[in-house]
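Q: I have a model open here and would like to go through some of its local features with you. Could we take them one at a time?

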Amino acid sequence: MRKVLGFLLTPIFHLYFGLVLVIFHPFQVIGHKLLGDHARRKVVDTLNFFLVKGLYIMGCRIKFSGFEQLPEGRPVIIVSNHQSLYDIPAVVYGFRKYYPKFISKIELGKNLPSISYNLIHGKSALIDRKNGSQSVKEIFKLGRLIQANNYAACIFPEGTRSKTGRVKKFMTAGLNTLLRAAPDAIIIPFVIDGHSRMMYNGMFPLKFGEKISYTALAPIEPKGKDVEELTADIQQLIKHKLGQSV
């Protein structure tokens, strides 16, 4: 029955997801142009609320946890595993009080309803993976932004999505650049569990009735720590939470 429901409901879910992006795009643009970035931010928060709740169409059971321990008055670097495109709404909604920004490939800054506009006007770092100096410059600029405003920056140090859910090796360069630019930042390891299982067959059919959890682990103070060791420690914490061998 779950397999049948997956076949039947996946097109409805994809249609819902696409329509939400399209419908909220003009509201984001109008809010930004008429009322400023604060209004645009509220639209983005609402947009991602609906994107997360859309998972209920696929019978998902969704749980956010650990957010009560997030610090106040400091910039935040969210270090997360990466399983699917559905990771982004969870980060935006879960960390919404920190106005999270992303390190994203430059191609996503073009022609995607709601997404591209938010990446550009939300001042995320759009990097050209073929241009190392441009990437470092953009990430450093993002770090300075969160340092000055106590915002959050989210980084997926695996670099690409893990289709199986197995955590890949974390790369250190992006985190190192953010920490140099935002010396007062605190790190929040963020664990996404369930998206890869839901997408066991790719985009169609999605698996019905999957349990999805989003967990903010205890904050980590990075000052005085070697970045290589720090990155490895964060990776192990996330793998342990996912029940993967360390």
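Q: Is Asn111 buried or exposed?
A: In this predicted model, Asn111 is exposed, with a relative accessible area of 76%, and its place in the chain is the loop between S3 and helix H4 (115-121).

Q: What is the phi of Asn111 like?
A: Asn111 has a positive phi, about 65°, although the residue is not a glycine. Tyr99 is another non-glycine residue with a positive phi, in its case near 50°.

Q: Where does Tyr99 sit, then?
A: Tyr99 is in the loop between H3 and S3, and it counts as buried because its relative accessibility is 8%, which is under the 20% cut-off.

Q: Which charged end sits over the ring of Tyr99?
A: That of Lys101, whose charged end lies 3.2 Å from the centre of the Tyr99 ring. The charged end of Lys101 also sits over the ring of Tyr151, at 4.8 Å from the centre of that ring.

Q: Moving to ring pairs, how many aromatic pairs are there overall?
A: The structure contains 15 aromatic pairs. One of them joins Phe64 and Phe67, with 5.8 Å from centre to centre and 55° between the planes, and this pair is tilted.

Q: Which residues do ring pairs link into a cluster?
A: The cluster linked by ring pairs consists of Phe24, Phe27, Phe49, Phe50, Phe64, Phe67, Tyr93, Phe95, Phe190 and Tyr214.

Q: New topic: what does helix H8 look like in terms of length?
A: H8 runs over residues 227-241, which makes 15 residues, and from its first C-alpha to its last it reaches 21 Å, close to the 21 Å expected at 1.5 Å a residue.

Q: What happens at its two ends?
A: At the start of H8, a side-chain oxygen of Asp226 comes to within 3.1 Å of the backbone nitrogen of Glu228. After H8 comes Gly243, which has a positive phi near 75°.

Q: Which residues of H8 are buried, and what covers them?
A: The buried residues of H8 are Val227, Leu230, Thr231, Ile234, Gln235, Ile238 and Lys239, and their cover includes strand S2 (76-80), helix H6 (173-181) and strand S6 (186-193).

Q: What about Pro219, where is that?
A: Pro219 lies in the loop between S7 and H8, and at 30% relative accessibility this proline counts as partly exposed.

Q: What does Pro219 touch?
A: Leaving aside residues up to four places away in sequence, Pro219 touches Gln69, Pro71, Ile186, Ile187 and Ile188. The C-alpha atoms of Pro219 and Ile77 are separated by 9.7 Å, although these two residues are 142 residues apart along the chain.

Q: Where is Glu210, and is it buried or exposed?
A: Glu210 is in the loop between helix H7 (195-198) and strand S7 (211-216), and at 8% relative accessibility Glu210 counts as buried.

Q: So what does that side chain make a polar contact with?
A: The side chain of Glu210 makes a polar contact with the side chain of Arg197, at 2.8 Å. Not counting residues up to four places away in sequence, Glu210 touches Arg2, Gly59, Cys60, Arg61, Gly194, Arg197 and Met198.

Q: Last one: which residues does the UniProt domain annotation cover?
A: The unreviewed UniProt entry carries the annotation "domain: Phospholipid/glycerol acyltransferase" for residues 76-195. Over residues 76-195 the chain is 36% helix and 21% strand, with 24 Å between the end C-alpha atoms.

How values were computed:
Residues numbered from 1 in each chain as written. Predicted model: local features only at pLDDT ≥ 70, side-chain atom pairs only at ≥ 80, totals over all residues. Heavy atoms only, no water. Phe/Tyr/Trp six-rings, centres within 6.5 Å; stacked < 30°, edge-to-face > 60°. Buried < 20%, exposed > 50% of the residue type's maximum accessible area, 1.4 Å probe, protein only. Lys NZ or Arg CZ within 6 Å of the ring centre and 35° of its normal. Helix = DSSP H or I, 4+ residues; strand = E, 2+ residues; numbered from the N terminus. Expected span 1.5 Å × (residues − 1). Contact = heavy atoms within 4.5 Å. Polar contact = N/O pair within 3.5 Å; in protein donor to acceptor, adjacent residues only side chain to side chain. UniProt positions renumbered as here; feature names shortened; annotations may be inferred.
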